[in-house]
Structure formats: structure tokens, C-alpha cells
Amino acid sequence: MTSELRRIPAGPSEPFEGGRDLFDWMAEQFSIFGNIYRASIYGADAYVVTDPEYARHVLLRNWQNYTRGLHVKRIALLMGRGLIVSEGNFWKRQRQMMQPAFHRRAVDALTGVMVQANTRILKKWQQAAAEGSGIDVTEDVSRMVLEVVLRSLFGADYELVAPHFNLVADVKQRDFAFAHAFQRLGKLIREVIVRRRASGAVAMDMLGMLMHAKDRATGEGMSDAQIVNEIMTLVIAGHETTASTLNWAWYLIARHPEVQETLASEIESLLPGDVPPLEDVERFAYVQQVLEETMRLYPALWLMTRKAIGEDDIGGYFVPRGTEIYVSPYFIQRHPDLWENPERFDPDRFSPGDSEKRRRMMTLPFSVGPRSCIGEYFSRLEMQLHLIMVQKRLRLRYDETKPLQVEAGINLRSKFDFMMTAERRFAAAGGLLPSTLNGAAPALSGVRR
């Protein structure tokens, strides 16, 4: 590339040093410089891109030229050297060995776990509705999702490990103190692995699948240390993104009664009982639209960073080797040039038959390309079942008038818990779920094992 073609994007003259909120700072620069700008962020040269084609180039078309960036290194401090932060051939090997645990059939076999956890939260919320007491949606959803993750990972060892992992839901801040406390749980996971190996037991939970995974080329498995890293990664990644999305979903649903009623109407028309057969979950189109629009407005993964291995060109701009690339789904998915009324909650944006428009208006809730989220199907199924089961029986009301505050850390979260009022629906059979009164979960038909 000749020097006269090496166009560098404009950007702020003052570096970002961390003295203010990165989220607010990025929004300010976007309003000034547009879809791509150059900046010094945490002492590193960076390009910030908010054009979907630029994002697609970095994450998909030329993904091999980019390694994980600075933002991911913060994650490594929390979760260790698991799949999210690993690189190169090691990453390819780990992804290949972990993939069977996330195949559709393997995830479908865990649907009963999801149903049981949702039966418990529904029972709690139904009781609150009967008593006229409030519910902490943020807290309850967080604990429900954590239960699903831990039961899926540890199976029969859930009761042993769960009390130790409560800190994931108890502690709101994801700082060094939390990272230090969380990392100590690696010893507990290792003890479970050692005990299982000694007993010769073969468990079909996710931990068991990782313990018996083999590299196709060498026949070797993962070391126990690496299994610990991957399990730690799956606990945090599986909990944070799903819990955050459902939290935002209920906030948006409760704030838009017309959406809540459309959602309830679809569920009532398609679901005669309390739990959908697995093969019918995808028939709930409006449920999926609500989740897609929630993830457009409040993507849990609000920021992704990459680092250029070699020189590149993005939209006619020269990218020097070593440049950090900041890709923000949040700003892309609210881009005023791409979306009509981008701040408005409108699930109809994702109505069937609008796929061509959606491709142009790119969304990145689980990233794209080879390094997209391995647990996307797991998360989507879990969220759909939750909304279907709860909305069948309850409506949630949110009466708070204080301004919404967003906390953009590793994930995009609400700064304060959403306190809501649950109200019972009587359009169907009415009353409490009979099967929840004695703590039993309703049967789920169509589960493939």
C-alpha cells in the first residue's frame, strides 16, 4: 500500500485514560466523528468502528488478521485462559473439542433443567402475585439462570458446588476483588474432576463431556487445568449474557403493555398447556422478535475488541499492525442511519419476511464469524422457554419513574435492580400451576436425548 493511500481516520486529540466512563466517551466521539475514528484508548492506538460493514470485515471476512484485544484481556483476569480468550491453533483445538457439548441434541437434552428452574421462579412470582408483594426481577432472573448453568455443567454434583458459586449472583461488581474470589473456585472444580476420575463414573453433563473430549488429530484430551479454565468461562459467560438479556427483556415488556399483550396472545393461542413441546418452541415467532429487539437495544456483549496482526484496510482507511479495533454492537444496533426510530422498542422490526432488511441493519448479539458465541443456541432456547412459561401465567408491571441507568462493564447491565409487580392471568386455566404447588416440574414432551 503506497503512502498516499494510507488514509487515517480523524479522531479526538485527547486520549481516553479511564478517568471517565468509556461507554459515554464512545457515544460522544461517535456523535462527532461518525462511523470510524482513531483514538488513544488506555494508551493503545485504536480505531472505533460503528459501521456494520466495517464490523463484518474485522469479525468475519478478514477475521484471521485479528486476535483478541484489550477488552478481552480484562475477561481473562476473571475467567482464566478459556475459549473466549485463547488464540490460534490452541483455540481451534479447544473449540473442536467443546463443540459436541453445544450441539443441538446435547442442548435439547438439558431442556428439562431449564423447565425445572423456570417452574421454581414462576411459583415464587405467582405467590408474590397472590400476596400483592413486589418481585426483584433482576435478582430472581440472575439466580434462575445461574441454576440452569450450574445444573447443566455439573449435573449430579450441583448440590455440592452451587453454594460456592452463589457469589456470581450475590456480587454485582465485576472487579478485581470478585475476580480473585471467583478464581478460588477453580480448586473446587478440580476436586470434582479428580473424584470423578477416581470413581470411573461417566457423567453426561457438560463437565463430563469435556473430561472425555478428544482432539481429532492426536487423540489427546484436555488437561484438568484447561477443563477448569473452560468451566470457569462457561459459568460466567453462560450466566452474564442470558441473565442480562432477560432482565432487559422484562424491563422493556413491562414498559410496553401492548407488546406484553401481543406476546401473551401468541402464547395463549399456541400453548394449550404450561410448557411447550420442544419441537414447538420455534413456532413462537413473536417471542423471538421480542428477544431480538431486546438484544438490539441492550446487547449484553456491548463491546468487542480485536488487535491487528498485520496491516489491513477498513473502508479505505489504513490499519497499521498492532492497532486495536473497537467494535460496539450497541452503537451499530442503534445507528440512526440504519434503523428507523432506533431508540424505540419495536419487536415488529424482526417480523418474518424482513430478513433482507435485517442483513443490512446488522445485529451482533452473539458476534459473527468463526469466533461467534458457542452457546448461542443454549442461550436462545433458555430465554424463549422463560418468556413462554412466565408470560403464559403472569403479566409484569413496572411503575418506577426514576431515570434508567446503564452500567457498561464487561457486559451491559442495569445499574439498579428492576423491582416489579406480578399480576396473575386468568385467560387460560387460571390460578397457580398445580404442578408447582408441590415443587414438581411439569413434564416436557419432545425432548431428544
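The following legends describe close-up views of a predicted model.

**View A. Packing of helix 8 against helix 11.** Helix 8 spans residues 158-165 and helix 11 spans residues 186-199; their axes come within 11 Å and cross at roughly 170°. Angles over 145 degrees count as roughly antiparallel, and the two helices are therefore roughly antiparallel to each other. Helix 8 makes the contact through L160, V161, H164 and F165, and helix 11 through L188, I189, V192 and R195. Six residues of this contact are nonpolar, one is polar and one is charged.

**View B. The largest cavity and the residues nearest its centre.** The structure holds two cavities of 30 Å³ or more, and the volume of the largest is about 790 Å³. Its lining comprises 45 residues, of which I84, A237, T241, C373 and I374 lie nearest the centre.

**View C. Elements that line the largest cavity.** Two or more lining residues are given by each of helix 3 (70-79), helix 4 (88-98), helix 7 (137-154), helix 13 (224-255), strand 5 (304-308) and helix 18 (376-393). Helix 13 supplies the largest share, with nine residues. Classed by residue type, the lining of the largest cavity has 26 nonpolar, 13 polar and six charged residues.

**View D. The second largest cavity.** This cavity has a volume of about 40 Å³. The residues that line the second largest cavity are L59, W63, Y66, R306 and R371. Three residues of this lining are nonpolar and two are charged, with no polar residue.

Technical notes
Residues numbered from 1 in each chain as written. Predicted model: local features only at pLDDT ≥ 70, side-chain atom pairs only at ≥ 80, totals over all residues. Heavy atoms only, no water. Axes fitted to C-alpha atoms, helices over the stretch in contact; angles between N-to-C directions. Helix = DSSP H or I, 4+ residues; strand = E, 2+ residues; numbered from the N terminus. Parallel < 35°, antiparallel > 145°, perpendicular 65-115°, else oblique. Contact = heavy atoms within 4.5 Å. Nonpolar A, V, L, I, M, F, W, Y, C, P; charged D, E, K, R; others polar. 1 Å grid on protein atoms, 1.4 Å probe; cavity = no way out; pocket = protein on both sides within 12 Å on 5 of 7 lines; lining within 4 Å. Points joined across faces, edges and corners; volume = space filled by probe spheres on them.
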